Amino acid sequence: MVRLDENEISFPDPEVYNGHDGLIAFGGDLSVERIWFAYQLGIFPWFNPGEEILWWCPDPRFVLVPEEIKVSKSMRKILNRNVFTFSENQSFREVIKNCQQANRKGQTGTWLSDELMSSFIQLHEYGLARSIEVWQGGELVGGFYGLQIGNVFCGESMFAKVSNASKAGFIHFVESNKDKLELIDCQSHTEHLESLGAKMIPKKEFLKILHENNERR
């Protein structure tokens with residue numbers, strides 16, 4: 001595993017360096033420039049606040065192809081009844097704050113540090129990060145955010161205050177962007193996203209799609 005230099009923004013090539021369980025490097029910083037460069041390479045930070053920054057590029061990679069999304073009959077009914085309304089980039093700060101505070105099964109803390117949040121907010125202000133908001137009765141009840149690289153959306157985190165809110169938001173996002181998105185990077189496996197059609201693909205295949213999109217930007 002490679003230790004990063006805080007004074008130089010560089011990473012090991014994830015196409016040739018596998019690391020242990022997808023762990024590519026550690027150290028460095030959480031500057032906007034480093035984070036954006038990392039995501040263009042298919043690398044993302046994931047660590048416990050107060051501990052060493054860890055950078056990952058797992059193999060295989062958990063992704064969703066928009067055309068392959070699965071919508072259950074019960075979720076289709078919820079969407080057809082307009083239980084929720086949706087918006088994009090209207091409340092990025094609120095979405096990321098709620099993601100930080102969300103209770104996760106089997107987790108006692110959050111990986112989303114204040115410093116990391118600040119960098120993603122800046123990326124949003126630069127037009128590189130986007131948020132999807134889910135509303136019910138005028139209240140923000142769910143949402144998620146991520147980075148956009150060409151036609152690849154790199155999902156980061158989501159939250160829901162009421163049942164099915166984040167799932168409805170994700171389905172709405174995917175179905176509304178099928179003609180604009182080639183792939184959604186879900187990073188690590190969750191049963192929630194697997195039920196919607198996400199699957200594992202080889203890292204090599206993921207990086208090929210990502211690099212092709214990055215070149216077309």
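Which residue forms a salt bridge with Asp-185, and how far apart are the closest N and O atoms? The partner is Arg-61, with the closest N and O atoms 2.9 Å apart. Asp-185 belongs to strand S10 (residues 183–187) and Arg-61 to strand S5 (residues 61–64), so this pair ties together parts that are 124 residues apart in sequence. Asp-185 and Arg-61 are both buried.

The model is predicted: local features need pLDDT of at least 70, side-chain atom pairs count only at pLDDT 80 or more, and totals for chains, interfaces and linings use all residues. Residues are numbered from 1 along each chain as its sequence is written, and side-chain values use heavy atoms, with hydrogens and water left out.

A salt bridge here is a side-chain nitrogen of Lys or Arg within 4 Å of a carboxyl oxygen of Asp or Glu. By this rule the count is 8 salt bridges. Strands (E, at least two residues) and helices (H or I, at least four) are DSSP runs, numbered from the N terminus. Buried means under 20% relative accessible area, exposed over 50%, and partly exposed in between (1.4 Å probe, protein chains only).

| Pair | Closest N to O |
|---|---|
| Asp-185 and Arg-61 | 2.9 Å |
| Lys-199 and Glu-68 | 3.2 Å |

Lys-199 forms a salt bridge with Glu-68. Lys-199 sits in strand S11 (residues 199–201) and Glu-68 in the loop between S5 and helix H2 (73–80), 131 residues apart. Lys-199 is partly exposed at 32% relative accessible area, and Glu-68 is partly exposed at 36%.

Arg-130 is in strand S7 (residues 129–136) and Glu-88 in strand S6 (residues 85–88), so the pair ties together parts that are 42 residues apart in sequence. Arg-130 is buried, at 13% relative accessible area, whereas Glu-88 is partly exposed at 31%.
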